[in-house]
Amino acid sequence: MALNSVTVRVPAKVNLQLSVGPRESNGYHNLVSVFQAVSIFDDVTITKSHAGSGVTIAITGDQTHGVPEDGSNLAVKAAHLIGEKFDIDTDVHIEVKKSIPVAGGMAGGSADAAATLVAMDALFKLEATREELLELGSQLGSDVPFMIAGGTAVGTGRGDQLTAALSRGTYHWVFALSSVGLSTPAVYSECDRMRAELEVADPKVSDTLMQALLSGDPELVGKSLSNDLQNPACSLRPALTLVLEVGREYGALGAIVSGSGPTVAFLVADEEAGLDLAVALTASGVVGSVARATGPVHGARVI
Ligand code: ATP
């Protein structure tokens, strides 16, 4: 029987390392990004609709604020892109059930684009290769290929050239969420502004972090977290500095702004420590809401 509808579950990401190279003449920066997929998920359901109806979208769930319900949604762009590539009529309805914080540096939009590519492939039996999906993903955004791949991986170039990272064990995270997002381009501009007088080296993968991931020791991983966008994000949103301090004070093994922020990620020893930190952060009053998650988890896949 022909499928009428497919649901794909896709995770959020946290950056364990984000190193930003000098600004190139085309405005881009070379990146080294070590990603980990974490267990906060969006569910993207794609349903075939009547011929000629085009692509429609609805956003549901607990994180809907600020997510466009028109052609600017990355999931809609992904449906059109894969439709063009495989020469099919893209008459589909997309429902995104969102739990990934919006504009939080956790790649929510990229995740939905990744999920849409995987769902369209399954729904229309396109039999796209993994390479084709990753390639289409990189046309939509530099984080999209990783959201297809999941796990723990190193991204180079614009962050979209992926190699898997060897990582042992499960990591426990607590995320301090902000109700107001930060714009990724604004954080990069602030980064350029803060570095205007500095000599910026080409980014390199941190050997210390790779060793720490191999050892599976969260204490070592916690000490090895790094993000070049942390200071720019804190400069635009000074309250983040306090959030980082409070988390460290309450025993986080590592504290880092996730991607371009404003989500702050804390690595903790185990589930119990995560629960304690979540309670302490909430009680401190400096954090809007908290979420707990583990990583690494799988990338976008049909459920
Ligand atoms: P990244 O970590 O990749 O920089 P982010 O997590 O900070 O991204 P997103 O949640 O992807 O940010 O949202 C950034 C902006 O993209 C939103 O403010 C919204 O206007 C737009 N957007 C487009 N499509 C989506 C989508 N499917 N989900 C969320 N935001 C989307």
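Biologist: Quick one on Ala-107. Buried or exposed?
Modeller: Ala-107 counts as buried, at 11% relative accessibility. Buried means under 20% relative accessible area, exposed means over 50%, and partly exposed is in between (1.4 Å probe, protein chains only).

Biologist: What kind of model is this?
Modeller: It is a predicted model, in which local features need pLDDT of at least 70, side-chain atom pairs count only at pLDDT 80 or more, and totals for chains, interfaces and linings use all residues. Residues are numbered from 1 along each chain as its sequence is written, and side-chain values use heavy atoms, with hydrogens and water left out.

Biologist: Back to Ala-107. Where is Ala-107 found?
Modeller: In the loop between β4 (92-98) and α2. Helices (H or I, at least four residues) and strands (E, at least two) are DSSP runs, numbered from the N terminus.

Biologist: And what is the phi of Ala-107?
Modeller: Near 65°, which is positive, and Ala-107 is not a glycine. Most residues other than glycine have a negative phi.

Biologist: Which other residue other than glycine has a positive phi?
Modeller: Glu-127 has one, near 50°. Glu-127 sits in the loop between α2 and α3 (130-140). Glu-127 counts as exposed because its relative accessibility is 70%.

Biologist: Now the ligand. Which residues come nearest?
Modeller: Ala-103, Gly-105, Ala-107, Gly-109 and Asp-143, out of 22 residues around the ligand. A residue is near a molecule or strand if one of its heavy atoms lies within 4 Å of it.

Biologist: How do those 22 split by type?
Modeller: The shell holds eight nonpolar, 10 polar and four charged residues. Here Ala, Val, Leu, Ile, Met, Phe, Trp, Tyr, Cys and Pro count as nonpolar, Asp, Glu, Lys and Arg as charged, and the others, Gly among them, as polar.

Biologist: Which helix gives the most to the shell?
Modeller: Helix α2 (residues 108-123), with four residues.

Biologist: How far is the polar side-chain atom of Asp-143 from the ligand oxygen?
Modeller: 2.9 Å. A polar contact is a pair of N or O atoms within 3.5 Å; within protein, one must be able to donate a hydrogen and the other to accept it, and residues adjacent in sequence count only if both atoms are side-chain atoms. A polar backbone atom of Gly-104 is 3.5 Å from a ligand oxygen. For Gly-108, a polar backbone atom is also 3.5 Å from a ligand oxygen.

Biologist: How much of the ligand's accessible area does the protein cover?
Modeller: 78% of the 610 Å² that the ligand has on its own. Accessible areas come from the Shrake-Rupley method with a 1.4 Å probe; for residues, only the protein chains shown count as cover.

Biologist: New topic. Which peptide bonds are cis?
Modeller: Gly-261 to Pro-262 is one, with omega about 5°. Gly-295 to Pro-296 is cis too, with omega near 0°. Most peptide bonds are trans.

Biologist: Where are Pro-262 and Pro-296 found?
Modeller: In loops. Pro-262 lies between β9 (254-257) and β10 (264-268). Pro-296 lies between β11 (289-295) and β12 (301-302).

Biologist: Last bit. Ile-94, buried or exposed?
Modeller: Ile-94 counts as buried, at 0% relative accessibility. Ile-94 lies in strand β4.
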